[in-house]
Amino acid sequence: MQVNEVVAYIQARRDRFVADLREWLAIPSISGDPAYAGDVRRSAEWLAGHLRGQGFPTVEVWETPGHPAVYAEWPAEDSDAPAVVVYGHHDVQPVEPLDEWDTDPFKPVEKGDRLIGRGASDDKGQVFFHTLGLRAGLAASGRTAPPVTIKLLVEGEEESGSVHFADLLHAHRDRLVCDAVVISDTTMWAADVPSMCTGMRGLTEAEVTLRGPSHDLHSGSFGGAVPNPLQAMAVLMSALHDADGRVTLPGFYDDVVPLTDEERDLFARLPFDEDEWLQSAGDSRAAHGEKGYTTLERIWARPTAEINGMWGGHTGPGGKTIVPHEAHAKVSFRLVAGQDPRKVQQAFQSWVEEHTPPGVEAEVHLQPGGVRPCFSPIDSPSVKAARRAMERAFGTEVLFTREGGSGPEADLADVLEAPLVFVAVGLNGDRIHATNEKVEIPLLLKGAEAAAYLWEELAVALR
């Protein structure tokens, strides 16, 4: 496959590609609002029709108890070739506040090289570049089928928690058997610094209530003589970290997959300006966190415990001299590769019970579910192959990042028992989930080019 032939094919179809994407973006597929259920279905049906028009031999709309997903398959010429699942989602975030949009979020417009509209980057645009990349690869190689079997799975509930996605994977597991899973729902470091994500943190949450006396007490009569639940909560929460910023739950770090020296070196080579980052972090005055790690390492590859809220007693105007009868706190844990949300929850519950002082009763409410972290080693064959494809498209070295949030990627890896590969061209500046969401059209075309090379790279790497 010649690079210039792939590029020529993509450039010749640029306007058609953008016009088709605009048509899809105009469908308000907001999965979190029941009023848009019909539009989410219309989005799935539109995509299914488009994929049939692109030549996919098999295209199906898969039903769930919620919103539908789209499945498409294009078998490889060689029946023994590897199979790859490509994951994305066709649902989008709500658009409020509407008055902060410069244009109608569902009447996408081009402004220079930018396409503005809800879903342009997250995730319709990044799903869409795969269709152009596949056709470009076929045209440049002269093949009638890709070198790997491609199975495209585009869900309709990612923005509302992917509540039925794991069940969907289990129900269709035999159809989805694969050797790798390509994720196109993340971002690069910058337009001129292409990068690949190799991991996403997980999440688990809990709420703690501490109770003392049966009702609030006069602090002059009882203060200093009975336990104060609010003071006990302050002590408890302050004990959640040690002086080096490490979480004190026993066994919290036991399962953490450590950063390799190579990963730390690649992170350090990213053009990161900590002062600018601090400004973007609400004008924070200093970086802070676990000792021995950089800011990027902390937010990408180290687990955390955050006190999200703490309250109790009198919070209204004026004074009220009481010993409050109860206190509350909300806590969340960001998890990294190797950690299990349920195990962390159990450790936290045991820790609270052990550290609650006499005379105070603790109740820990563990939020159900949680999001598991996911991780792709940078030396895995599939990651190396995807990196080569990205470098062929961008003509420069591709670095690595991770991301602080997560979605259903861990379910994909676990249910399908296949490694994850992140190939995406979104930017942090795309205003994902915010007003005036946009995508850079030249980057979508680069994504299509990388996708064109990806399949032949994976065909060799996964043999």
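Two strands count as paired if DSSP finds at least two bridges between them; strands (E, at least two residues) and helices (H or I, at least four residues) are DSSP runs, numbered from the N terminus. In this predicted model, local features need pLDDT of at least 70 and side-chain atom pairs count only at pLDDT 80 or more, while totals for chains, interfaces and linings use all residues. Residues are numbered from 1 along each chain as its sequence is written, and side-chain values use heavy atoms, with hydrogens and water left out.

An open sheet with mixed pairing is formed by six strands, in the order β1-β2-β6-β3-β7-β18. Its edges are β1 (58–62) and β18 (420–422); each has a single partner strand, so one side of each is left without a neighbour in the sheet. From one strand to the next, the twist averages 20°. Within this sheet, β3 (residues 83–89) runs parallel to β6 (residues 149–155), and the two pair over seven bridges. Opposite G88 stands V154 in β6.

## Three-stranded sheet

Another open sheet has three strands in the order β16-β9-β17, again with mixed pairing. Both β16 (374–375) and β17 (399–403) are edge strands, each pairing on one side only. Strand β9 (residues 195–200) pairs with β17 in the parallel sense over four bridges, and C197 has T401 in β17 as its bridge partner.

Helix α12 (residues 381–394) packs on this sheet and touches β9 and β17, contact being heavy atoms within 4.5 Å. The direction of α12 makes about 150° with that of β9 (axes are lines fitted to C-alpha atoms, for helices over the stretch in contact; angles run from 0 to 180 degrees between N-to-C directions).

## Nonpolar cores

A nonpolar core is a set of buried Ala, Val, Leu, Ile, Met, Phe, Trp, Tyr and Cys residues joined through side-chain atoms within 4.5 Å; buried means under 20% relative accessible area, with a 1.4 Å probe and protein chains only. The largest such core has 79 residues, and V182 and W455 touch the most other members. Helix α14 (residues 441–461) gives the most to this core, 13 residues.

A second, separate core holds 27 residues, among them A206, W351, V364 and L366.

Definitions and conventions: Buried means under 20% relative accessible area, exposed over 50%, partly exposed in between (1.4 Å probe, protein chains only).
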